Amino acid sequence: MKADISKIKPRFFNTATRQVDEFIPLVKGKAGMYCCGPTVYSYAHIGNLRTYIFEDVLKRTLQGLGYEVKHVMNITDVGHLQSDGDEGDDKMSVAARREQKSPWDIARFYENAFFDSTKKLMIKRPDVVSRATEHIPEMINLVSSLLEKGFAYEAQGNIYFDVAKFPRYGDFARLKLDDNKEARVDEDKNKRNQADFVLWFSQSKYPNQIMKWDSPFGVGFPGWHIECSAMAMKYLGERVDIHCGGVDHIPVHHTNEIAQSECSLGHKWVNYWIHGEFLNVDDSKMSKSKGGVLTIDRLIEDGFHPLAYRYLILTSHYRSGLNFNYEILGNAQNAYKALYDKVQELRKIAAAGGDDKPADETAMLRYSTEFWNALADDLKTSAAVQVAWCVARDETLSAADRLTLLTEFDTVFGLKLSDEPEALAADEQALLDERAAARAAKNWGESDRLRDELLTKYGVQIKDTADGVSWTRVLPKVG
Ligand code: AMP
Ligand code: ZN
C-alpha cells in the first residue's frame, strides 16, 4: 500500500533563501519547472549528466507525490560565449571551426548525442524542449521591453543590461560587486558598470558569427542569459515554481536571469531555485571546454553500465560535491547488480504464483512512507536507496509485497529494477553469433573475449549447456 502522499509536504533547499523551504506551488497540485539545458557544442560529460539526473529525480519525486509537473528545458544552440559572461567567442562558432561544419549541424549533432546519453540514463525527456534559435522573436521582445523600461542601454551596437537599475542584483549570489571577481567580467569600455551584461550582440568582437538575426537593435544574436528568461516565460508564464541548474550558474547566469526577468515583469519571477553540486573527476574540475572529459559512452566502453552511474548518483546527495573515480563506480555497479538481481528473483517468484507469506499492508505502508519522506526531505536519495535495500532483504515480507514496493520506488530511481528482461538487441545477437562462429572454428581465445564483452558491456551472461547456449541479463539492456 502506498503512503498517504497527501500528508507528505516536500521541502527543498532554496538558493534564494539559503534554507530548506516547504514547496508551495503557485497552483495547487501543479509544479512548473525550468531547467537550463545543454550548450550543444560538444558531448555532455558525466558532470553535466549528474545535474540532469538530479533534476530528473526531482521531477519524478514531485510526480510521485501527486504533482502534475511541467518540465521545460532549453537547448542552448547560440549565444553561450567561451566564458559564462561576455568574454570570448560563441561556443558554437568555435566548435564549427574545430569540426569544419556549420554551427547548425554542430547543434543538431550534439543535441542528438545529448538525448542519446540521457536515454541511456533513464532521464525522462522534458515536456518542452526549446531551442534558443527557434525563440529569437521572444528574446527580441524581452530586450525591447527592458530598453523601453529603462533597464537596458545601447552602446556601440550592443544592448546591455544596466545592473545599477536593479539594486538587488548581487543579493541572490551574495555578491559584493566591488570586490567579487566573478561578477567582474571583461573590461568592456562600453559598459556603465563592469557587472552589466550583454542582452543582444550586434557588434561582436568576432565578426564571423554565422548565426545571426535581424532585430530592431541591428543584425546580431542574443546573449545566453536572455534566452532562458524568454523561453521560461513563454512556456511557464510570468511566475515560475522551480528553476534548476548546476551551482556554477548561481553567480552569473541565474543572477542575470533574475535581474532581467524581474525588471521586465515588475515582480518576483521564480519561487524556488534548486541547484546541484558539481561532480569532479579525481579531484579536478571537469569542463567541456578544457577537453579530457568523461562521457557516458566512455563509461560503457570501459565496461560500466550507465545505470550503475545513475545508481552512484542516487547514493550521493545532490547538494554535496562528488569526486568521481572508477573505484566508486565499480562499487556502485556491484551494488546495483545485486539489487537488480534480487528484484529479478522476486519477480520470478511472484510470476510463478508467489510464496506462502501473507500480504502485510502495515509493513508496506511503513516502508512506503519512509521512502517518500526521505525524498520529500530535500531529496535524500541515499536514504531512499537504503529503504529499498531494507525491503529487498526483509524476509518477513512476501515476494509480491517486496516487488510491489520496489516497483513503486523505481518510479523515482529509474533503474529498470523490475522490468522484464528485454530480448537481445541486434548488436548483442551479432556478438552471440560471432562467438558461435569462433567456437565452431575452435578459436577459444576469441570466443572467451566475446563472452566477456557481452558480460561487461551489455550485462548478458551466457552459459554453454548440452542443449546449446543460453543467456540471462545480469543488468538491464542499455538504452
Ligand atoms: P552546459 O552544457 O555547460 O551549459 O551545462 C549543462 C549543465 O551542467 C548546467 O546545469 C551546469 O550547471 C551543469 N554542470 C556543468 N559542469 C558540471 C559538473 N562538473 N558537475 C555537475 N554539473 C555540471
Ligand atoms: Zn539557463
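Here are some notes on the predicted model above, point by point.

1. Ground rules. Residue numbers start from 1 along each chain as its sequence is written, chains are lettered from A and ligands numbered from 1 in the order in which they are written, and side-chain values use heavy atoms, with hydrogens and water left out. As this is a predicted model, local features need pLDDT of at least 70 and side-chain atom pairs count only at pLDDT 80 or more, while totals for chains, interfaces and linings use all residues.

2. Overall layout. The protein splits into domain 1 (12–276), domain 2 (284–413) and domain 3 (426–473), with bounds that come from an automatic or database domain assignment. Between the C-alpha centres of domain 2 and domain 3 there are 29 Å.

3. The zinc site. Which protein atoms hold the zinc ion (ligand 2)? Cys36 (SG), Cys228 (SG) and His253 (NE2) are its protein donors, at 2.0 to 2.2 Å. Along the chain these donors follow the spacing C-x191-C-x24-H. Cys36 sits in the loop between strand S3 (30–35) and helix H1 (46–64), Cys228 in helix H5 (residues 224–236), and the two are 192 residues apart. Donors here are N, O and S atoms within 2.8 Å of the metal (3.2 Å for Na, K and Ca); water is not among the atoms, so sites may look incomplete. Helices (H or I, at least four residues) and strands (E, at least two) are DSSP runs, numbered from the N terminus.

4. Burial of the cysteines. Cys36 counts as buried at 5% relative accessibility, and Cys228 is buried too, at 0%. For the labels: buried means under 20% relative accessible area, exposed over 50%, and partly exposed in between (1.4 Å probe, protein chains only).

5. The structure holds 33 salt bridges, each being a side-chain nitrogen of Lys or Arg within 4 Å of a carboxyl oxygen of Asp or Glu. One of them pairs Arg310 with Asp56, with the closest N and O atoms 2.9 Å apart.

6. Buried or partly exposed? Arg168 is partly exposed at 47%, whereas Glu262 counts as buried at 10%.

7. A loop-to-loop link. Glu395 bridges to Lys357 with a closest N to O distance of 3.9 Å. Glu395 lies in the loop between helix H11 (381–393) and helix H12 (399–413) and Lys357 in the loop between helix H9 (326–351) and helix H10 (361–376), so the pair ties together parts that are 38 residues apart in sequence. Glu395 is partly exposed at 47%, and Lys357 is partly exposed at 28%.

8. A network. Arg108, Glu111, Arg131 and Glu134 are linked by salt bridges into a network.

9. Lys9. This residue lies in the segment before strand S1 (11–14) and is partly exposed at 45%. Leaving aside residues up to four places away in sequence, Lys9 touches Glu22 and Ala376, where contact means heavy atoms within 4.5 Å. A polar atom of the Lys9 side chain lies 3.3 Å from the backbone oxygen of Ser6.

Technical notes. A polar contact is a pair of N or O atoms within 3.5 Å; within protein, one must be able to donate a hydrogen and the other to accept it, and residues adjacent in sequence count only if both atoms are side-chain atoms.
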